[in-house]
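Work through these exercises with the structure open beside you. Try each task before reading its solution.

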Amino acid sequence: MQTRRDFMLLAGSLLAAPLARAQNVGAPKLDVPYVPTPPEVVRVMLDMGGVTGRDMVYDLGCGDGRIVITAAKERGARGVGIDIDPQRIDEANRNAREARVADRVQFRVGDLFASNFAEATVVTLYLLPQINQRLRPQLWRQLAVGARVVSHEFDMGDMWPADRIENVEGRRLLAWTIKPEHKRA
Ligand SMILES: C[S@@+](CC[C@H](N)C(=O)[O-])C[C@H]1O[C@@H](n2cnc3c(N)ncnc32)[C@H](O)[C@@H]1O
């Protein structure tokens, strides 16, 4: 049976919830705000990554999961999306079920800088210049030779010039391949 103290605690947390939301208390700290990639740009990113049914696609900062879901639905790939915002991951899981690819994709709440994406054959990014540059050593360390990285809009700085750049719908898309020298660096 609930005690009066239990009741007061529960009532207190119910009253506090709207206030906490209004003050953004407990909201994840985003390194990059949520801005989705348009569907036609997603398809060109997958083309630039050469995504096929043999690939494992990771989207670091996956938003509503559209890149990984399109890779699974249209290319037969498997994929994983990681986002620090649990609300985005809820949306991504819902979208995967609606697209009937939930058996081929996984979405995880997490910080991309604390993630292991070594199994990826293709990594997609829509982050920011300084976040890409901070991520570069992790990409070189974790990914296997031959893995591809595709970024919407932002480069990796002078340390890693892109192998290929395309302009689509006024957006810049950049692609890199992991080479043996990156593993030795
Ligand atoms: C510009 S959006 C890109 C969304 C998706 N990749 C796309 O292209 O449609 C960036 C995403 O990164 C997520 N994000 C920001 N900081 C992050 C971090 N440290 N770890 C994981 N995700 C992060 C945001 O929540 C947001 O959904």
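Predicted model: local features only at pLDDT ≥ 70, side-chain atom pairs only at ≥ 80, totals over all residues.

**Exercise 1. An arginine in a strand**

Solution. 
- Step 1. Arginine 148 belongs to strand β5.
- Step 2. List its contacts, skipping residues up to four places away in sequence. Arginine 148 touches Gly49, Gly50, Asp55, Thr121, Val122, Val123, Trp176 and Thr177.
- Step 3. Compare sequence with space for one pair. Arginine 148 and glycine 50 are 98 residues apart in sequence, and their C-alpha atoms are 8.2 Å apart.
- Step 4. Check the backbone of glycine 50. This residue follows α2 and has a positive phi, near 60 degrees.

**Exercise 2. Two packed helices**

Describe how α2 packs on α3: what are the angle and the distance between their axes?

Solution. 
- Step 1. A pair of packed helices is described by the angle and the distance between the axes.
- Step 2. Read both values. Helix α2 (residues 39-48) and helix α3 (residues 66-75) pack at about 65 degrees, with axes 10 Å apart.
- Step 3. Classify the angle. The roughly perpendicular range runs from 65 to 115 degrees, and α2 and α3 are therefore roughly perpendicular to each other.
- Step 4. The crossing of α2 past α3 is right-handed.
- Step 5. Name the residues that meet. From α2 come Pro39, Val42, Arg43, Met45, Leu46 and Asp47; from α3 come Arg66, Ile67, Thr70, Ala71, Glu74 and Arg75.
- Step 6. Sort them by class. This contact has six nonpolar, one polar and five charged residues.

**Exercise 3. What covers each helix**

Which residues of α2 and of α3 are buried, and what covers them?

Solution. 
- Step 1. Take α2. Its buried residues include Val41, Val42, Val44, Met45, Leu46 and Met48.
- Step 2. Find their cover. It includes α3, β4, β5 (148-152), β6 (164-168) and β7 (171-177).
- Step 3. Turn to α3. Buried here are Ile67, Val68, Ile69, Thr70, Ala71 and Ala72.
- Step 4. Find the cover again. For α3 it includes α2, β1 (56-60), β2 (78-83), α4, β3 (105-109) and β4 (122-125).
- Step 5. Follow the chain out of α3. Just after this helix, glycine 76 takes a positive phi of about 75 degrees.

**Exercise 4. A charged residue in a helix**

Decide whether arginine 88 is buried or exposed, then list its partners.

Solution. 
- Step 1. Locate arginine 88 in helix α4 (residues 86-98).
- Step 2. Apply the cut-off. Buried means under 20% relative accessible area; arginine 88 is at 12%, so it counts as buried.
- Step 3. Find its side-chain partner. A 3.1 Å polar contact links the side chains of arginine 88 and glutamate 91.
- Step 4. Set aside neighbours within four places in sequence. Arginine 88 is then in contact with Tyr34, Gly63, Asp64 and Asp83.

**Exercise 5. The whole chain**

Summarise the fold: how many helices and strands does the chain have, and in what order do the elements run?

Solution. 
- Step 1. Count the elements: six helices and seven strands.
- Step 2. Write their order from the N terminus: α-α-β-α-β-α-β-β-α-β-β-β-α.
- Step 3. State the burial. Of the 185 residues in the chain, 43% are buried.
- Step 4. Residues 24 or more positions apart account for 63% of them.

Terms used
Residues numbered from 1 in each chain as written. Heavy atoms only, no water. Axes fitted to C-alpha atoms, helices over the stretch in contact; angles between N-to-C directions. Helix = DSSP H or I, 4+ residues; strand = E, 2+ residues; numbered from the N terminus. Parallel < 35°, antiparallel > 145°, perpendicular 65-115°, else oblique. Left-handed = near helix turned anticlockwise from the far one by under 90°. Contact = heavy atoms within 4.5 Å. Nonpolar A, V, L, I, M, F, W, Y, C, P; charged D, E, K, R; others polar. Buried < 20%, exposed > 50% of the residue type's maximum accessible area, 1.4 Å probe, protein only. Polar contact = N/O pair within 3.5 Å; in protein donor to acceptor, adjacent residues only side chain to side chain.
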